[in-house]
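Hello,

Here is the structure for your files.

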Amino acid sequence: MKVWKMPQQPLLAVIASLVMIICLTGGSPAAEIGKGAQAPEFALVDTTGKTISLSQMQGKVVVVNFFTIWCQPCRAEMPELNAIYNENKDKGLQMVGVCLNVDPNQLRFFAKQMNLDYPILVGTDKVNKDYGEIVGVPTTFVINKQGKIVDKIVGARTKAEFLQVIKPLL
């Protein structure tokens, strides 16, 4: 009797797809936070040990990018987010990355490896809950100068797609 073996590459792709579906649809229901809502305050520690709060960025357009270090789409969009930040920080843009489910030592190494110029913060269960329990990463919130959420973007985007939302707010 001949035993059929599934090639490993397609099997890995199927497993990865199932994990992504679970990540994007799983989790317990939380209060939805979206367009027009006041952005929840946070005070989180960055990779240097400095505490950064949303209120410190008052009067700026703020982009809050939730990610995990194991998320490949997150890693792929970070250089573009970094470019957006560097091109617009003098025009009133502040960008922060909030890493969920991470050891601070791993995050320090990751931030250095990615060579990002914007602050990378250690996420907490509280900030995750306050922002609607992030179940799919990357999830990015764009906050206007008045502290209101203008857009919630789930999934990776290109530089051009981010700029369509950010540029009119600056």
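Is Cys 99 buried or exposed? Cys 99 is buried, at a relative accessible area of 0%; buried means under 20% relative accessible area, exposed over 50%, and partly exposed in between, with a 1.4 Å probe and protein chains only.

Before the rest, the conventions. The model is predicted, so local features need pLDDT of at least 70 and side-chain atom pairs count only at pLDDT 80 or more, while totals for chains, interfaces and linings use all residues. Residues are numbered from 1 along each chain as its sequence is written, and side-chain values use heavy atoms, with hydrogens and water left out.

Cysteines. The count is one disulfide (a pair of cysteine sulfur atoms within 2.5 Å). The disulfide links Cys 71 and Cys 74, with an S to S distance of 2.4 Å. The torsion about the S-S bond of Cys 71 and Cys 74 is about 80°, so this disulfide is right-handed. Both Cys 71 and Cys 74 are buried. Cys 99 takes part in no disulfide; the nearest cysteine sulfur belongs to Cys 74, 8.4 Å away.

Asp 46. This residue sits in the loop between strand E1 (43-45) and strand E2 (51-53) (strands, E, are DSSP runs of at least two residues, numbered from the N terminus). The side chain of Asp 46 reaches the backbone nitrogen of Gly 49 at 3.0 Å. Apart from residues up to four places away in sequence, Asp 46 touches Ile 52, Ile 120 and Leu 121 (contact means heavy atoms within 4.5 Å).

Regards

Terms used
Helices (H or I, at least four residues) and strands (E, at least two) are DSSP runs, numbered from the N terminus. A polar contact is a pair of N or O atoms within 3.5 Å; within protein, one must be able to donate a hydrogen and the other to accept it, and residues adjacent in sequence count only if both atoms are side-chain atoms.
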